[in-house]
Amino acid sequence: MQPRLVTALLSICLLIGTTVAVSSAQAESVTERGERFDRVVEENGQRYVLLGSGVFRYMIWTAYAGAYYQLEGEREPQPLSDVPRRLELAYFHEIAADDFAEATEKTLNDSLTLYEFNQVKENMAQLNQRYRDVVPGDRYLLSWDGEQLRLALNGETLYEDSSAEFASAMFGIWLGERPLGEEFRDALLGVDK
């Protein structure tokens with residue numbers, strides 16, 4: 001074979017191999033505004049499958065990208081149930097810890113009945129003390145493994161709680177009947193894709 005033909009064939013093989021690798025990587029994750037989310041995540045011996053992802057816009061800002069997962073095998077969205085689930089949010093702007101606390105209290109107060117709010121008020125106050133400031137690229141994770149609610153920032157656990165009611169209230173901020181944004185909720189639940 002001629003050297004040029006061999007070089008051309010090798011180049012084609014490399015190109016095909018690269019295309020397969022890129023397609024495989026794309027199949028293993030989704031990207032929202034440059035933030036990558038795996039389709040399957042393992043945590044504490046449990047496998048979670050991505051149901052949906054999207055971008056949350058607040059007024060003129062594109063605030064953060066998010067991905068919602070449920071326990072493998074649970075394909076029907078159940079964000080306010082006892083099903084193990086996780087919500088990951090990747091931030092595009094700096095946000096102060098106090099702003100998170102204020103938004104959490106206001107949103108829960110607006111979305112829950114007075115009785116429900118009073119049931120989780122103490123849990124919320126404890127969680128609100130654990131928030132930290134974020135900068136672009138930081139990620140908060142809210143997860144419920146069936147027994148424990150966990151809030152983590154960039155992999156570091158900041159808060160844990162065993163209240164299923166509080167877990168549902170927290171997930172309801174983004175995924176409930178009166179979420180921060182209906183478009184974002186629907187994207188996370190895989191409704192619009």
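# A tour from the whole chain to single residues

The chain holds five helices and nine strands; helices (H or I, at least four residues) and strands (E, at least two) are DSSP runs, numbered from the N terminus. This is a predicted model, in which local features need pLDDT of at least 70 and side-chain atom pairs count only at pLDDT 80 or more, while totals for chains, interfaces and linings use all residues. Residues are numbered from 1 along each chain as its sequence is written, and side-chain values use heavy atoms, with hydrogens and water left out.

**Whole chain.** Colour by secondary structure and follow the sequence: the pattern is α-β-β-β-β-β-β-α-α-β-β-β-α-α. Of the 193 residues, 46% are buried; buried means under 20% relative accessible area, exposed over 50%, and partly exposed in between, with a 1.4 Å probe and protein chains only. Among contacts (heavy atoms within 4.5 Å) with a separation of 6 or more, 54% are between residues 24 or more positions apart.

**Helix H4.** Select residues 164–175. This helix, H4, has twelve residues and spans 15 Å from first C-alpha to last, close to the 16 Å expected at 1.5 Å a residue. The expected span is 1.5 Å times one less than the number of residues in the helix. How many of the twelve residues of H4 are buried? Ten are, so H4 is largely enclosed by the rest of the structure. The buried positions are Phe166, Ala167, Ser168, Ala169, Met170, Phe171, Gly172, Ile173, Trp174 and Leu175.

**H3 against H4.** H3 and H4 pack at an angle of about 65°, and their axes are 10 Å apart. That makes H3 roughly perpendicular to H4. Axes here are lines fitted to C-alpha atoms, for helices over the stretch in contact, and angles run from 0 to 180 degrees between N-to-C directions. Angles under 35 degrees count as roughly parallel, over 145 as roughly antiparallel, 65 to 115 as roughly perpendicular and the rest as oblique. The crossing of H3 past H4 is right-handed: a crossing is right-handed if the near helix is turned clockwise from the far one by less than a right angle, and left-handed if anticlockwise. To see where the two helices meet, show side chains for Val120, Asn123, Met124 and Leu127 in H3, and for Glu165, Phe166 and Met170 in H4. Of these, Phe166 and Met170 are also among the buried residues of H4.

**Ser29.** Move to strand S1, residues 29–32, where Ser29 is found. Ser29 is buried, at 8% relative accessible area. Its side chain makes a polar contact with the side chain of Arg36, at 3.3 Å. A polar contact is a pair of N or O atoms within 3.5 Å; within protein, one must be able to donate a hydrogen and the other to accept it, and residues adjacent in sequence count only if both atoms are side-chain atoms. Leaving aside neighbours within four places in sequence, Ser29 is in contact with Arg36, Phe37, Asp38 and Arg39.

**Two asparagines in loops.** Select Asn44, in the loop between strand S3 (40–43) and strand S4 (46–58). Its phi is near 50°, a positive value in a residue other than glycine. Asn44 is exposed, with a relative accessible area of 64%. Next select Asn154, in the loop between strand S8 (149–153) and strand S9 (156–161). Phi of Asn154 is near 50°, again positive in a residue other than glycine. At 47% relative accessibility, Asn154 is partly exposed.

**Val191.** End in the segment after helix H5 (182–188), where Val191 is found. Val191 is exposed, with a relative accessible area of 57%. Draw a C-alpha to C-alpha distance from Val191 to Pro77: it is 9.3 Å, for two residues 114 apart in sequence.
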